[in-house]
Amino acid sequence: MGLGAAIRRRGMALIAVGAALGITMPALAEAMRPLLLWISLATMALALLRVEPSALLGVLRRPGLALLVLGWVTFGVPTLVYVALAPLLPADSAFLTAAMLIAATPSVMSAAVFAILLGADAALLTVVAIPSNALAPVWLPATAAFMGITAHLDPWAMAVRLFVLVGGSFALALGVIQAVGRPALRANASRIDTWTVSLVVASAIPCMEGVGHALLGRPWAFAIMLGFALGLNLALQAIGFIVFLPAPRQAALSAGLISGTRNMVLLLATLGDPGESDVGLIVAAAQLTLFVMPLLVAPAYRALNRRTP
C-alpha cells in the first residue's frame, strides 16, 4: 500500500491525530493559526473538484429537499435544542448558552469533505452550506443576543471571512477545472482525496489553538464539556437522520451529518481564547468533536448506506 492509499484509508484516524497534535503542541497550533483560512479555502476547493456538476445541477433543479434541510439546520435545530435543554438547565448555564450558539452556527463549509469520507451526499451539503453560512452574520449574533452573550460578534468581519472562503474556494476550483478539465480530475480522484484528507489533518492543528492550555488548567471540567459537546453532536446527527428518513438514504445521512457538524471555527474566532470562559471552552470542545466524530460514526454510516431501501 502506497502512502497516498494509506492516507485515504486511515484518513479519519489521521484527522483525530491532527487535532491531538494541536492540543499537545500549542506552539505549533499558534504558529499555524494565520494559515487556517487559506488551508480551509484549499480544502473546500479540493472538495468541490470531487463534486460532479451534474449532481449539483440535480440538487438545484429540485431545490425542495435542500431548502428543507437548510430550514432544519438553521431554525429547526436551535429550536429543538432550546426546547430540550431550557427546562433542564438554569437560564445562565454555560452549557445551555454554548449549546444554543453551536446549534445556531452554520453548517461546516467543508461538509462535502466529510460527506466523501462518510458516504453522504456531497452535492446536497455543498448547496446547503452556502446559504447556511450566508445567513450566519445575521442569525448568529441574533442568537447570541437572545442568550445574553456579551462577546462582540462582528457581522461585517464574519461576512468578509465567509466571502473570502466561499468565493476563493469556488474561484480556485473553477480555475483548476478550466485548466485541466473534468476527465483529468476524474482520473486523479484518488490523488485529490489524498490531498483533501491531508489538508483537513493540517487544519485540525491550528483549530486547537488555546485548547491545550485550557485542558491543562481544567482537565476534569474540559472532559465533562467534551462529553457534553460530543453527546450533543451525536444526538443531533441521529435526530436529523430520523427527521429526514422519508428522503433518500444519502440525503437523510447528509441532514443528520450537518445537524451536528457546525462551523465551530467561525464561532471560536468571535469568542476569543477558549480558556477565558466556560462557553468558549465548551465551543472548543465542540470543535474537537468535529475531528474525532468521523472516526466514531463511520461504522454507523457504512451500515446505514448498505441498508439503502
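A cavity is a set of points on a 1 Å grid, over the protein atoms alone, where a 1.4 Å probe fits but cannot get out, and its lining residues have an atom within 4 Å of a point. The volume is the space filled by probe spheres set on the points, which are joined across faces, edges and corners. The model is predicted, and totals for linings use all residues, whereas local features need pLDDT of at least 70 and side-chain atom pairs count only at pLDDT 80 or more. Residues are numbered from 1 along each chain as its sequence is written, and side-chain values use heavy atoms, without hydrogens and water.

Helix 15 (219–243) and helix 18 each supply at least two residues of the lining of the second largest cavity; helices are DSSP runs (H or I, at least four residues) numbered from the N terminus. Helix 15 gives the most, with four residues. The lining includes L232, N233, R262 and T289.

The structure holds four cavities of 30 Å³ or more. The largest cavity contains about 300 Å³ of space. Its lining has 23 residues, and S40, V108, S110, N263 and V265 lie nearest the centre. Helix 4 (36–49) is among the elements that give two or more residues to this lining, and the largest share, five residues, comes from helix 4.

The crossing of helix 6 and helix 16 is right-handed, that is, the near helix is turned clockwise from the far one by less than a right angle.

Methods. 1 Å grid on protein atoms, 1.4 Å probe; cavity = no way out; pocket = protein on both sides within 12 Å on 5 of 7 lines; lining within 4 Å.
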